[in-house]
Amino acid sequence: MRRAIVAGIAAFLAVFVTGSLFAALLDRAGAGEDEAVTPSASPSGSPRPEPPAPIAAYLAWVPGGLPPSFAVRAAKLAGIDQVTAVAEDTAWMVASYEADGSIVDRPAPPYMIPIDAAAIDPTGYAAMLAPEARATVAELRPGEGLLGETSAKLRELGPGGRMEFQGGFQVTIVGVLPDEQVGAAELVVDRATGAAIGIEQERYLLLLPAPDRHPTAGGLRERLIRLLPPDLLYRTAQVRAPGQARYLRMGDAVLPPSIIKARCGEWSGYPDPADPGAIQIDPRWVDKKIVTTTVPVLGEVTCHRKLIPQLRGAMEELEQDGLAATIHAFAGCFAARNVLGSPSASISHHSWGIAIDVNADTNPFARPPSQDAQLVALMERWGFTWGGEWIVPDGMHFEYLRPPPKT
């Protein structure tokens, strides 16, 4: 059974955001109220890159995951010194235990907790990190795992704790690192352990140029695109230079799952066997966190209750500015599924009820977006990121990124 949180007491994590101190209350599934401040956006869309992560590596990814042998080909590029590929997927945790064996989390079957897990080559990944983190990562062995700081607080686990996954495989926690050093992943394991818990799809590359080379992100991107198979569905790539993204991970324009959980609470669920790509979420979490109400312009919405004031504020301003006509159709908010309904994709942030789709008929996925620029600017001012600016555009999609600035 879940370890109870002492009534009337909340665990606060003090974090600095752009020089101000805020209290972040981490809400676990079924626990108390959740108030947290999330990172602010960067010009690239990545959450809060100031100060830059102390990592000299370039980040590169391809929509849908890296094609076979892409890392090998990238390592042969002139001026590139080292390359490592990172696999990342959702691993389904059935239980966790303290070092003494006492249970921390064990949802009632068939429910499980989704864990954003990364599988790495420890030696290659360690070479990309700040010096103080290298030994911890390089010494990672099969059956062992590292937690990011946010994940460790969510899990209430530290070294010696264990996480048990679907199928019975257990991972022993041997260390905790800053989120910036693990791409904000909840769990980092070696590739053999990753395969045992279902983490196999390579998602992104970390690249170190030769000491005398300083490629631009755009220049390296063009070179990587030329390495992609000509028949790839989305023959494109994204590259971030050092300092452009706080969290080195695929899809850095949105919040990582660990940060979303800290803000919105953690649910348990399971992939729906009758509907691949859909997820069945514990109805108790849905009843507590997801609400249906009416907001201006959109009408009836079903979203995370924490999003409603922000969404209502944005829609009220849209209406007051005479811009209500920029939205002619609302296509939903809360939907428990993987991205695009694909079983092999990551969990959609619609599953937390923190994203909305509007004007879907004129802004289909992967097509040039046509949203009104005034709508986009207003939504971004209210703390939403717009999918129309992503590597594969999703012009209908607006997603929570940060609280709106105080006025």
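Residues are numbered from 1 along each chain as its sequence is written. Because the model is predicted, local features need pLDDT of at least 70 and side-chain atom pairs count only at pLDDT 80 or more, while totals for chains, interfaces and linings use all residues; side-chain values use heavy atoms, without hydrogens and water.

Arg203 sits in strand 11 (residues 202-209); strands are DSSP runs of E with at least two residues, helices are runs of H or I with at least four, and both are numbered from the N terminus. With a relative accessible area of 9%, Arg203 is buried, a term for under 20%, with exposed for over 50% and partly exposed in between (1.4 Å probe, protein chains only). A polar atom of the Arg203 side chain lies 2.8 Å from the backbone oxygen of Ser344. Leaving aside residues up to four places away in sequence, Arg203 touches Trp61, Val62, Gly64, Gly65, Leu66, Val86, Ala87, Glu88, Asp89, Met250 and Ser344, where contact means heavy atoms within 4.5 Å.

Ala278 lies in the loop between strand 13 (269-271) and strand 14 (279-281). Ala278 is also buried, at 14% relative accessible area. Its contacts, not counting residues up to four places away in sequence, are Tyr270, Pro271, Asp272, Ala336 and Arg337. The C-alpha atom of Ala278 is 8.2 Å from that of Ser342, 64 residues apart along the chain.

The largest nonpolar core has 42 residues, of which Leu298, Leu311, Met315, Ile356, Met379 and Phe398 touch the most other members. Such a core is a set of buried Ala, Val, Leu, Ile, Met, Phe, Trp, Tyr and Cys residues joined through side-chain atoms within 4.5 Å. Helix 9 (residues 308-320) gives the most to this core, five residues. Another core, of 24 residues, lies apart from it and includes Met128, Leu177, Ala185 and Val188.

How many cavities of 30 Å³ or more does a search of the whole structure find? There are two. A cavity is a set of points, on a 1 Å grid over the protein atoms alone, where a 1.4 Å probe fits but cannot get out; lining residues have an atom within 4 Å of a point. The largest has a volume of about 40 Å³, and its lining consists of Arg263, Cys264, His304, Lys306, Leu307, Gln310, Ile354 and Tyr400.

Technical notes:
Polar contact = N/O pair within 3.5 Å; in protein donor to acceptor, adjacent residues only side chain to side chain. 1 Å grid on protein atoms, 1.4 Å probe; cavity = no way out; pocket = protein on both sides within 12 Å on 5 of 7 lines; lining within 4 Å. Points joined across faces, edges and corners; volume = space filled by probe spheres on them.
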